[in-house]
Amino acid sequence: MALPKLKQEATDARLAEAVLPDGPAWARAAREEALHRAARMGLPHRRDEYWKFTDPSALVAVDSAPAEVMDDDDALFEGAGALTLVFVDGVFDSDASDDLSGAGIEISRLAEAQDISWARDLYGSLELAGQTPVERPLAALNTATATDGVLIRATGKADRPVCLRYRRSAEDADAVLHHVIRVEEGASVTLLETGSAAARLSTVTEVSVADGAAFHHVRQQGRDHGRRMNTHTFARIGAESTFKSFTLSLNGVLTRNDCVIEMLGDDAVAHVAGACVGDGEKFHHDDTVFITHDALNGESRQVFKKVLRNGAVGVFQGKILVKEGAQKTDGYQISQSLLLDGDSQFLAKPELEIYADDVACSHGSTSGAISEEALFYLRSRGVPESQATNLLTLAFLAEALEEIDDDALADDLRERLAGWLDRHAG
Amino acid sequence: MSPMDIDVKEGVDRETVDAVKELSGVYKYGWNDDDIEMDYAPKGVNPEIVKLISSKNEEPAWMTDWRLSAFERWETMSVPNWAMLKLAEIDFQDLYYYARPKSMEVKPKSLDEVDPKLLETYKKLGIPLKEQAVLAGVEGAELEPERKVAVDAVFDSVSVGTTFQKELKKAGVIFCSISEAIRDYPDLVKKYLGSVVPPSDNFYATLNSAVFSDGSFVYVPPGVRCPMELSTYFRINAENTGQFERTLIIADKGSYVSYLEGCTAPKRDVAQLHAAVVEIIVEEDAEVKYSTVQNWYPGDEEGKGGIYNFVTKRADCRGDRSKVMWTQVETGSAVTWKYPSCILRGNDSQGEFYSIAIANNHQQADTGTKMVHLGKNTKSRIVSKGISAGKAQNTYRGLVSMHPKAKDSRNYTQCDSLLIGSECGAHTVPYIEVKNNSSRVEHEATTSKVDDDQLFYCRSRGMDEEEAVALVVNGFCKEVLQALPMEFAMEAQALVAISLEGSVG
């Protein structure tokens, strides 16, 4: 079917500029296929149902707008003892990075990968699977054009987390990263991500979690005021496996995080959570989550909290799809926003689509101002108003942060949040 | 403890269980009256048909033009496909857009002149078109001799008659068919028709604007509390005929009216189209209650036949402190596409939506509401109960929108879905848009199956499984059933049980 005219024009313009990086034949084939996919679907447009609340034009445009480079606080996750990989403007920096080896873990750089059999089966394939029932053309474009990224394979219980640090130097960097992660049976690994990477960043992370394996993901999306990013996580998880992902977002002009999880084995657990604090009318933050239950006895949770002020906009589009036969599913979804002033907006579409009868699925969504009574109580105890507001804001965000299993990592993020709130007090 | 005691304890009437037994057949209203002679307009829709319908209703030129411009618009529109409905393509040129019983060619002056065959049909439906005090079959109603219900009966494309018109006129209330209103009260119709659902609103509403043949009109003047319930009863009888009715209700300042709507159709193998538009205008301090029991023919167990029900219903709370309440029990139709909405424009205005949607066998329902908060301190409440059984798909789709100027507003939404059987689906698609921070929006939704413990309890007290499920489901729906006027609550409770026939075991 022909695409609408505006969509076709924007797609043609962008794809005309698309450069497929050199690489081994298998990668080349996957990229060409992905480019076809993107061309067929057309890049997103504001009139698309899944972009109803977020204008994708800045992500689709041929050129990205420059953004001032902020001195990002590199100390985050420093205490985690992680194996650290550094990217500058979306390019791997081997000098700044640790050696690509660790106990129970194999790491290689996408740009240098030759014949890595496990990765060639996965690259682009989870992204492809994630295109139905909802198309995600920006992810296909990423598969086609990604210039760098890492391939991580956990073969046992990794003793250190892997931390990806995204640094920036150029004001106009436009980066496309693609990571592939395979957690083998019974293995486990924790992935940390921090920093804003580029003025415009696109990342796709494909995660395959085998039976009995565990994948933990904690990320902080950079504080640069002017950055724009869209990230996609595609996960396929097996029986008795665990997938947990948490994202903290501060600032940025535009953030769109898509998370697509397919639960294919029985007794699997998938949790996705996020906390975001946004200040200013240019702040637009969108969490779009799609969890498919296709096995027995699965447990999924989506916990998203947004604090918004000065015209900031928060979006949540969450979906739980329970396929026929996925009995005993326990699906839970909560999205809440705290609007600190009259100009901010919260737009949500929490969806359930259920084809199995023996399930317990629920969702809740609330939006409102800070509780006058709680504020009054704290003030009557001598806490100044701005401090009281921050205290209540942190308390509001706590439920999302509790989704992080590792207390030390959660504390790191809590501290960062408190710092942000202090700086933005009043 | 005897089963009798349980009923009392569980708060479910004995009548419910009795009604289930008594009505333990399948679709009760599925007979056809093919012996009633009909006049048809030629099949299909085009400007000539639009003009023909307009002339049959003896409409003034402005109305004909209004229809024609809607038709022009409709030709540029395409069928909406965003709902979770799987349907065969509808051939809009393969339908009759106008069907009138022959006996209605010369409009009867009073109900006494109406063809007895038509009256018989309504009698069989339990809607006698006699000015008697109560609807038949409502037990206990005789204890309330003052309780009256005025009925406008619509048969295929035309209104057969309206009861209690004189008595209502005394109170200043206008209740008549919309075709009469266009002739007799053109100023009111001109002012309000299309002001809530504009002719260009959506594909089905635009088609309706072009070809609506009849419907009901209500005007309640300032300060008047309508002395009785008003109701419209729709019957589709003719084959291959679309029914397009238009309802316009105006509640002027400080008035009150409660309006009931019911509908049935014969069993036919071929799906039939019903595309209605209901517009409600609620002025300052006025209140409107609109209750629907939708029981169109749902098709057979294999999904053959049934009514395609595409309805646009919207209430505009224009005045401050105005109030509207939609209550719907949706048990019929092969396909339901219906989102009764409230535009809360006036400050302190209120909208409520209570819904039970039951889908069994191959039925598909995509229904919900829109609450658009524009005025300050507006309130809305949504309670939706969806029940899926057999191979049915049931979707709640709704919008709650708090505009920047709707300060200090409030919404509470609860949508619960119940699944009976492993081949059906229950879906929830809410849109929430909050654009100011002094408003509070709360949304809760759950999906689960009929509780095994509750079933076991009922069965251990001697109920068979079907009875037990009906009881549990009635309990699940209680909040909504309680919002219905008495006549409807009875019918609805029985319907809940009947609609689930054959869904167990």
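This is a predicted model: local features need pLDDT of at least 70, side-chain atom pairs count only at pLDDT 80 or more; totals for chains, interfaces and linings use all residues.

Reader: At what angle do H8(A) and H9(A) pack?

Author: Axes are lines fitted to C-alpha atoms, for helices over the stretch in contact, and angles run from 0 to 180 degrees between N-to-C directions. Here helix H8 (residues 385-401) and helix H9 (residues 407-423) of chain A pack at about 150°, and their axes are 11 Å apart. Their crossing is right-handed. A crossing is right-handed if the near helix is turned clockwise from the far one by less than a right angle, left-handed if anticlockwise.

Reader: Which residues make that contact?

Author: Two residues are in contact if their C-beta atoms, placed from the backbone, lie within 7 Å. From H8(A) they include A:Leu394 and A:Leu397; from H9(A), A:Leu413 and A:Leu417 are among them. The contact divides into 8 nonpolar, 2 polar and 2 charged residues. Ala, Val, Leu, Ile, Met, Phe, Trp, Tyr, Cys and Pro count as nonpolar, Asp, Glu, Lys and Arg as charged, and the others, Gly among them, as polar.

Reader: How do H10(B) and H11(B) cross?

Author: The axes of helix H10 (residues 452-460) and helix H11 (residues 465-476) of chain B come within 9 Å and cross at roughly 130°. That makes H10(B) oblique to H11(B). This crossing is right-handed.

Reader: Now strands. Is S5(A) buried or exposed?

Author: A residue is buried if 20 or more other C-beta atoms lie within 10 Å of its own, exposed if 12 or fewer, and partly exposed in between; C-beta atoms are placed from the backbone. In strand S5 (residues 150-154) of chain A, 5 of the 5 residues are buried, so the strand is largely enclosed by the rest of the structure. A:Val150, A:Ile152 and A:Ala154 point one way, and A:Leu151 and A:Arg153 the other.

Reader: Which strands pair with S5(A)?

Author: Two strands pair if DSSP finds at least two bridges between them. Strand S4 (residues 105-109) of chain A pairs with S5(A) in the antiparallel sense over 5 bridges. A:Ser108 has A:Leu151 as its bridge partner. Strand S7 (residues 174-183) of chain A pairs with S5(A) in the parallel sense over 4 bridges. There, A:Ile152 is partnered by A:Ile181.

Reader: How many residues does each chain give to the contact of A with B?

Author: Chain A gives 30 residues and chain B gives 28. On the side of chain A, S19(A) gives the most, with 10 residues. Strand pairing also joins the chains: S20(A) and strand S23 (residues 440-449) of chain B pair in the antiparallel sense over 7 bridges. The bridge partner of A:Ser362 is B:Thr446.

Methods
Residues are numbered from 1 along each chain as its sequence is written. Chains are lettered from A and ligands numbered from 1 in the order in which they are written. Helices (H or I, at least four residues) and strands (E, at least two) are DSSP runs, numbered from the N terminus. Angles under 35 degrees count as roughly parallel, over 145 as roughly antiparallel, 65 to 115 as roughly perpendicular and the rest as oblique.
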